[in-house]
Structures are given as C-alpha cells and as structure tokens.
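Here's a short tour for anyone meeting this structure for the first time. Have a look at it, and then we'll go through a few spots together.

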Amino acid sequence: MTEIGIVAVGGYNEMGRNMTAVIIGEDIIILDMGLRLDRVQIHEDVEIDKMHSLELIEMGAIPDDTIMKEINGTVRAIVCTHGHLDHIGAIPKLAHRYNAPIIATPYTSALIKQQIEAERKFEVCNRVIPLNAGGTYQVTEDISIEFINVQHSIIDCVLAVVHTPVGAVLYACDFKLDRTPTMGEAPDFERLKALGKEGVVAMIVESTNAGRSGKTPSEQIAKDMVRDVLLGTEESEVGMIITTFASHIPRLKAIIEAAGEMGRIPVLLGRSMERYVGAARDLGYMELPSNVEMHGQRKDVDRAFKRIIQEGKNKYLPIVTGHQGEPGSILVRVANGETPYTIEPGDKVIFSANVIPSPMTQANRYALETKLKMRGARIYDNVHVSGHAYREDHWELLRMVNPEHVIPAHGDMEMHGHYIEMAEDAGYVLGDTVHLLRNGEVLYIEE
C-alpha cells in the first residue's frame, strides 16, 4: 500500500460542520463530526434533537456524509479533538451510520454522551472511549490514534495523530500555542518535535485565523482583561452582567474568581452553562466556590433574576449565555425586557467573547447591543482573546512538524488562501505539497 486518501467531508468551504476522513487501504478513520452553528441560528442554547439528518444536511447544518457511500472501506473509528459543537454536534445525527467507536478525551466524551442522550430522532449506540492527552489507542493491527495535548478555548483539547503503515497524519483543528494557560498544561512541544522527526505524511490544519498577523495572546491575558474590567471601576455598586462562551471553562473560572474578589455572588445562567460547567465540575476539572449558583431552566433563571433584583444587583454577578445575540438566549431576553432583571442607565454589560464572523451572528449581535444601549447599558466588548492560532503560531507548528503535505481545513476560501500563502513562504508548493480542498473532494497522497 503506497497511498493515503483524505476526504474533505465538511468544514472546507466554511467555518463549522467539520468532518474529515482518512483512508488507509480498506480502513477509514473519521476525524470530527460537527455542526454549522449559524445555519440553525444557534450557538449554544437551541435544541435540534428532533430534526432528521437529511433535513440538516440540506440546510448545510451538518456534513454531507453521503460521499462516504462512494468510498470503499470500513470506518474503524470516529475521533473527536475537542467538545465544541462544530466538532461534535453532528454525532447524534450521523454516528449511528458507522459501526465504529467514538474516541475522545474524557471531557469531550462526557459532552458527546450528553449530546447522544438528548437526541430524539436517532438511536446512537456507538461506544464512547475516553483517551487522555498523551495516550494512544490501537484501532487495528497497523493503525493507532495518538492524542497530543494542546490549548484552545475549551479544556481537554488535543491534536490527533493517525499512525499508519505509510506514516503519520496529523489533524490540527483547533489549537493555539499558549505557553501560559490558566488551566491545563501547555502544548506538548517535545512530542510535536519528535513527531516531526519521525515523519508526518500529511497535516490537516485549521486556517481560521491564518490571516491574522503575529501570535495569539495567551488566555492569561484574557484573565487579566476580565479582572481589569470587573474590578477596575469606581462605579462598583451598579448592576453588572457578563456573557461568554459556556464551553470556555478557563474564562468562566477567571470570571468566577473575579466575582469573589469583588464580593459578588457568581450566578451562571443558561442551559449550556449548566451542561458545560456541570460536566467540568463532575469530572474534577474545576472546583466551584460554595456560593456559586447555576440555573439552566427558564423558570429557575427568572426566579434567580427576581431574587437578584430584590436583594440588590450589586451583590451578584450574573454570567449568562447570549454573546452572539442568539434568539432565546438569556442576554437577548434581558435586552428585550422579557426577564425580571431590568437594565438601568449605567449598568455594565461585558462581552467576554468575539463576534463570530458570519452575517447572521453579526446582525444578531448588533441588534442585541443596540437594544442594551437603548436601555442605558454601558457596553464593554471584546474582553477576549482568541482560541485559534494566528499566522506566526501556524508558521511555528509547520516548522516544528515539517509535514510532507499540508491541507488547510476549518475555514472558508479566504482563510485557506491566507494559510496557503504562509505555507508557500515556508517552501510548500500549491497543488504539489500544499493542497486546497473543497467539501466533497478526495485527495490521494502517494508515498
């Protein structure tokens, strides 16, 4: 056997619905199985558990895996690199089509199980196998999966290596090279360098922020920014409400710690807050102070808001969903006047998140901010650092691993273009050693 096939199933034309298949002879390894969030007008707080997969494929919300019927071979494993919905959100809709185990880190495994339990349309019986960063799982006699620790905007994120008789395929979607993380270990640079020396046939790599110059700031910077905004004000008695990604456990930990310094009780509000933070607490990834409150159901959220208003906004720090202006999320309901919590002139609303660059989310976020301002809110936006590698991080990983072939994924044509230009600077040649794939295409690499 002298070739490896790379199938671009989803996430090569857009941000989201990530799914790639690696063909090794008669065996196939699937990498990620994600959702495209803006296509179902969601980010974290809307359920799609009753919808059919074909309906979602037509909407462009999940990968069109019908291409897999044309590929000869047997799927031996589904491997997920981390727990964001654009990487695991399609598992409840597609995984049952493959008689293969799902391999993921412990936190990601817990989130996958939550997804499967919430599914109402399909019965997903795939075994979920937790594998720690640094671990290896033998899939067949000559194919194994290795997880290499890396940092991202969610805990327990890894780069996946598919070891084959032809050589290693490195799957690097998503990552940042954060040497001073606030939770977890720094990326395993020693292992990445060793892997580069052993030889990497192909690297499939996210291109999301390949067009942004420099390197991604550390999460430590975001922690300092959050603390600066929450504690660095003379108007400490006013109402404050903060929103961030429910899955961003290090950021939530920083916010909860800052609330403690302010003498405020942190109140986590939203179903996804309950889901992600609950899983992190149950698995021992984070300890919550005894005074932290967490409410997911709408009636419990409104009851908590009522108590906050009665006892005084200055005693509490609500941490809510809704930073993208998602319909039905907590912050949108607050802005619309649909909760007992009312925004008054001078109240501070802090967005510890960036706006996802799609026209729908940008429009939703604009509408949300406008409504909040009309109520007199003071807006603090982009109190945030990215979880995705910038150009110089990409350069560093490319030089460290030195793959024979490189394939940008997890992005649109413009993002891929930025990555390809950077790869060309490193000596790669478009169409020869750096490859531009679109959804539905297959690339065969001959060794």
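Is C80 buried or exposed? This is a predicted model, and in it C80 counts as buried because its relative accessibility is 0%.

So what about disulfides? Searching the whole structure turns up 0 of them. For C80, the closest cysteine sulfur belongs to C157 and sits 11 Å away, which is too far for a bond, given that a disulfide needs the two sulfur atoms within 2.5 Å. C173 isn't in a disulfide either. C173 is also buried, since its relative accessibility is 1%.

| Cysteine | Closest cysteine sulfur | Sulfur distance |
|---|---|---|
| C80 | C157 | 11 Å |
| C173 | C157 | 9.9 Å |

A104 has a relative accessible area of 0%, so it's buried. Skipping neighbours within four places in sequence, A104 touches C80, S109, I112, I129, P130, L131 and F147. A104 and C157 are 53 residues apart along the chain, yet their C-alpha atoms are 9.2 Å apart in space.

Now for a pair of helices. The axes of α4 (residues 106-118) and α8 (residues 271-282) come within 10 Å and cross at roughly 135°, so the two helices are oblique to each other. The crossing is right-handed. On the α4 side, the contact uses Y107, L111 and Q114, while α8 brings R275, Y276, A279 and A280. Sorted by class, that contact has 5 nonpolar, 1 polar and 1 charged residues.

Key:
Residues numbered from 1 in each chain as written. Predicted model: local features only at pLDDT ≥ 70, side-chain atom pairs only at ≥ 80, totals over all residues. Heavy atoms only, no water. Axes fitted to C-alpha atoms, helices over the stretch in contact; angles between N-to-C directions. Helix = DSSP H or I, 4+ residues; strand = E, 2+ residues; numbered from the N terminus. Parallel < 35°, antiparallel > 145°, perpendicular 65-115°, else oblique. Left-handed = near helix turned anticlockwise from the far one by under 90°. Contact = heavy atoms within 4.5 Å. Nonpolar A, V, L, I, M, F, W, Y, C, P; charged D, E, K, R; others polar. Buried < 20%, exposed > 50% of the residue type's maximum accessible area, 1.4 Å probe, protein only.
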